[in-house]
Amino acid sequence: MTRTRLAAVSCLIDILHHGVRPKKSLEQSSQNLDRRDKAFLMEIVYGVMRNLYALDAVIGSFIRNTKTLNDESLNNLRIAIYQILFMRVPGYAVVNESVEMEKPGGKPSLVNAVLRNLLRRKEGTALPLAYKDVVKDISINTSHQEWMVKRWIARFGIVDARLLAEANNALPPLVLRANTLKISRDGLLRGFAEKEISAEPTPFASDGILIGGDTSYQDLSSFHGLFAVQDEASQLISYLLAPEKGERVLDACAAPGGKTTHIAQMMDDSGEIIAVEKDPRRMQTLEETVATFGIRSAQAISADIRELQEIRTFDRILLDAPCSSTGVIRRNPDVKYRHTFKDIIEFGKKQLELLKAVSPLLRKEGRLVYSVCSMEPEEGEQVIRDFLKTTDDFRIIDADQEFMRPFMKNGFFRTFSHKDNMDGFFGAILCRNA
């Protein structure tokens, strides 16, 4: 298991100090591990990332100046304390492995002392830790930056801000979208039942399936090509677009292809979908996704949508813009530490620029959907308001479907992880005036 612990330390350093995304770092570090050790590695890395500030607060109660620790020893301690407080790993085993890792030039005596003291005081170190200041309390115990917590308290109140932060730390469900070009949702559910895979329909998205139990993506390999992994909130964005058979549709920031293929399903793979992606690596993923689904109506184009020339207008446009991803923290806990408030403002400026770039490509009375997986109004409502100040050609319209009503307010679509058990998404429908 020491090899797995070494891999976990390496991953945490990659993620926290070099900005590597968790998925990429885990893939690189787990190539020579068996399935059991890969699962253990993932649990440790994501567990530490979800509880980083709380773990550091515990370390700080034993070590006055944690800056004396190098990155390897600090992350070794984080992993050990996570195991002691959150996992069913015997304390003696955690101490032995952690100390053993420090022996080639680390701080074995210090690590040994901290962990043994923690085991002796475990009941008195139970989480959540107690803080009088509510912002600090939520920030430390849910491991969110204080600027995020302050904003959420101002917007939602203390109770909902805490619930949202706690929901961001919960394990997210595995949600699929049936590839209805090959199989119906009911047919896929029957297939899962035959394999004794726990699954049920999602309550709102008509093609969605919620996987239960301990089933992982790898357990579904025999159903390759019959589904996409896509959260229900992300699926609902395509219902805002509401594409119809035979239409010409632009997916302006298309990778990895989940919404492109969903749009194709809704159009029964008829008409024409132009799926544009700027990033060459993400472009490859987009092409693979379209091919896996057997989509014929979608054409993937490698380009910057702001520089696309000589292209005809579209009946529908989806701009699922690059964003801060604060709505998908429960799937990507590194997002909690990646951004400052200044970054949110910069995202909003770039999103407005993209919206201005794609809007002239929409035909009269056509429908443009702007969406982001962000909780922040500067990337959602404010982008739409700023855009409408620059033009008289567009207006906001409401969603057509009755099942979308719970998520619509003042013409805007919002989902919340703590209220809806979905990722946090924003969406708005813009119609071009005749």
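**Close-up views of a predicted model**

**View 1. Cys-323 beside Cys-373.** The sulfur of Cys-323 lies 3.5 Å from the closest cysteine sulfur, which belongs to Cys-373, and this is too far for a bond, because a disulfide requires two cysteine sulfur atoms within 2.5 Å. Seen from the other partner, Cys-373 is likewise in no disulfide, its nearest cysteine sulfur being that of Cys-323. The model shown here and in the views that follow is predicted, and a search through the whole of this structure finds 0 disulfides. Cys-323 counts as buried, with a relative accessibility of 12%, and Cys-373 is buried as well, with a relative accessible area of 16%.

**View 2. The second largest pocket and its lining.** This pocket holds about 380 Å³ of space, and 15 residues line the pocket, with Phe-156, Glu-381, Lys-409, Arg-414 and Phe-416 lying nearest its centre. Several elements of the chain contribute to the lining: helices α9 (146–156), α17 (381–388) and α18 (417–420), together with strands β11 (408–409) and β12 (412–414), each supply at least two residues. Sorted by class, the lining residues of the second largest pocket comprise 7 nonpolar, 1 polar and 7 charged.

**View 3. Lys-419 over Phe-416.** Phe-416, one of the residues nearest the centre of the second largest pocket, has Lys-419 lying over its face, at 5.2 Å from the ring centre.

View 4. The structure holds 12 aromatic pairs, and one of them is formed by Tyr-82 and Phe-86, whose rings are stacked at 5.0 Å centre to centre with 20° between the planes. Tyr-82 counts as buried, at 8% relative accessibility, whereas Phe-86 is partly exposed, with a relative accessible area of 37%.

**View 5. An aromatic cluster of Phe-204, Phe-407 and Phe-413.** These residues, which are separate entries along the numbered chain, form one aromatic cluster.

**View 6. Arg-248 over Phe-314.** In this close-up, the charged end of Arg-248 sits over the ring of Phe-314, at a distance of 4.2 Å from the centre of that ring.

Note on methods
Residues numbered from 1 in each chain as written. Predicted model: local features only at pLDDT ≥ 70, side-chain atom pairs only at ≥ 80, totals over all residues. Heavy atoms only, no water. Buried < 20%, exposed > 50% of the residue type's maximum accessible area, 1.4 Å probe, protein only. 1 Å grid on protein atoms, 1.4 Å probe; cavity = no way out; pocket = protein on both sides within 12 Å on 5 of 7 lines; lining within 4 Å. Points joined across faces, edges and corners; volume = space filled by probe spheres on them. Helix = DSSP H or I, 4+ residues; strand = E, 2+ residues; numbered from the N terminus. Nonpolar A, V, L, I, M, F, W, Y, C, P; charged D, E, K, R; others polar. Phe/Tyr/Trp six-rings, centres within 6.5 Å; stacked < 30°, edge-to-face > 60°. Lys NZ or Arg CZ within 6 Å of the ring centre and 35° of its normal.
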